[in-house]
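Have the sequence and the model open side by side. The paragraphs below go through the domains, the core and the strands in turn.

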Amino acid sequence: MELIEFESKEKLCDYIKQKYVKALGAGREGACYLMPEGYVIKKLNDEYYESYIEKFDGIDIQSFVFAFGGIIVNEFVSALMLRYIDGSEIVKVNFEKYELELLKNALNILSKDIKELSARGIKAIDVYGRNILFDGKFFSLIDAQCYEFNSYPFLEGINIVVIMKEIYKNIFSKNMFATSFLLSSDLKDYLYDYYLLSHPGELIDGIKDEFYRKYREELNTLDDMKRVLRVK
Ligand SMILES: Nc1ncnc2c1ncn2[C@@H]1O[C@H](COP(=O)(O)OP(=O)(O)O)[C@@H](O)[C@H]1O
Ligand SMILES: [Mg+2]
C-alpha cells in the first residue's frame, strides 16, 4: 500500500488542480481525476481511518479496482489512488455493435474474477451500472465503497447474481428487440438463474442457438438481431 502525505486538504486540492489530465467524474463519495503518471486520484468527500484502505492491501483481481494507495492528511485518508480504466460506464455503452463472442469472453473472465473475489471474503453490496466500466474488451468494477470485506469466504452465487444481473440488464434490456426475443424464448426462465450467471458463456451460446433455431440466421451482434427481427 502506497501512502502519500499532504499537509492540508487545500494543498492536496491545489496539487490535483494543477496536475490533473482529465476529470473522470464524481459521485456521492468523491471526485476522480486522471493524473499525468497514469493513475487516478479519488478525492473523498469524507475522511477515513487508515484501516479503511488497509483492507485493500494485497488484493489484485484484474476486474476489480481497489485502491493501491492512499493520500493522508492529518492522519486521515482523504483520497485514494486507483488503477485507471480507459472505459465508459456501462449505462453509456452501446453494446449492440460488439461481437457476442467478445462479450462472452469478457463475461467469462469477470465470472472467474468474481469467484476469486468471493473466495477472498469480499461481498458486493450495491453494484450498479455507473460503477461498472467497459473498455471494449473487459468489464471493470470501480467504487470500493460498494464492497464489504470479511475474513471468511463469501457465497459466490450472491456476488455473481448481484453483478451479472446489472451487466445483463445493460447489455440486453436497453435493446428492445433483444428484450422481447429473450422474453419470448425458453431462456427467459433461466436468465437470472445462478447456474447461467456463473457460466455466462453458456447463456450467450444459448441465445445464439435459440436465435438460429427460430430464424435460421447467425447472430454475431445484437445489431444482427435488430436487423433480422425488423426485416422478418
Ligand atoms: N479507476 C477509474 N478509471 C476510470 N474512471 C473512473 C475510475 N474510478 C472512477 N471513475 C469515474 O469517476 C466516476 C465516479 O467514481 P466513483 O468511484 O464511482 O465515485 P463515487 O463513489 O462517488 O460514486 C465513475 O462513475 C467513473 O466514471
Ligand atoms: Mg460510483
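How far apart do the C-alpha centres of domain 1 and domain 2 lie? They lie 29 Å apart. This is a predicted model, in which local features need pLDDT of at least 70 and side-chain atom pairs count only at pLDDT 80 or more, while totals for chains, interfaces and linings use all residues. Residues are numbered from 1 along each chain as its sequence is written, and chains are lettered from A and ligands numbered from 1 in the order in which they are written.

The domain assignment of the chain gives domain 1 (2–83) and domain 2 (88–231); such bounds come from an automatic or database domain assignment. Domain 1 puts 11 residues into the contact and domain 2 puts in 14 residues, where two residues are in contact if their C-beta atoms, placed from the backbone, lie within 7 Å. On the side of domain 1 that touches domain 2 there are 7 nonpolar, 2 polar and 2 charged residues. Here Ala, Val, Leu, Ile, Met, Phe, Trp, Tyr, Cys and Pro count as nonpolar, Asp, Glu, Lys and Arg as charged, and the others, Gly among them, as polar.

The largest nonpolar core has 52 residues, of which Ala67, Ile132, Ile163 and Ile167 touch the most other members. A nonpolar core is a set of buried Ala, Val, Leu, Ile, Met, Phe, Trp, Tyr and Cys residues joined through C-beta atoms within 7 Å. A residue is buried if 20 or more other C-beta atoms lie within 10 Å of its own, exposed if 12 or fewer, and partly exposed in between, with C-beta atoms placed from the backbone. Helix H3 (residues 100–119) gives the most to this core, with 7 residues. Both domain 1 (2–83) and domain 2 (88–231) give residues to the core, so it lies between them. Beyond its neighbours within four places in sequence, Ile163 is in contact with Ile114, Ala124 and Val127.

Next come the strands. Helices (H or I, at least four residues) and strands (E, at least two) are DSSP runs, numbered from the N terminus, and two strands pair if DSSP finds at least two bridges between them. In strand S6 (residues 76–83), 6 of the 8 residues are buried, so the strand is largely enclosed by the rest of the structure. Strand S4 (residues 39–48) pairs with S6 in the antiparallel sense over 6 bridges, and Lys43 stands opposite Ala79 in S6. Strand S5 (residues 69–73) also runs antiparallel to S6, joined by 5 bridges; Ile72 has Val77 in S6 as its bridge partner. S5 and S6 form a hairpin with 2 residues between them, and Asn74 in the turn has a positive phi of about 50°.
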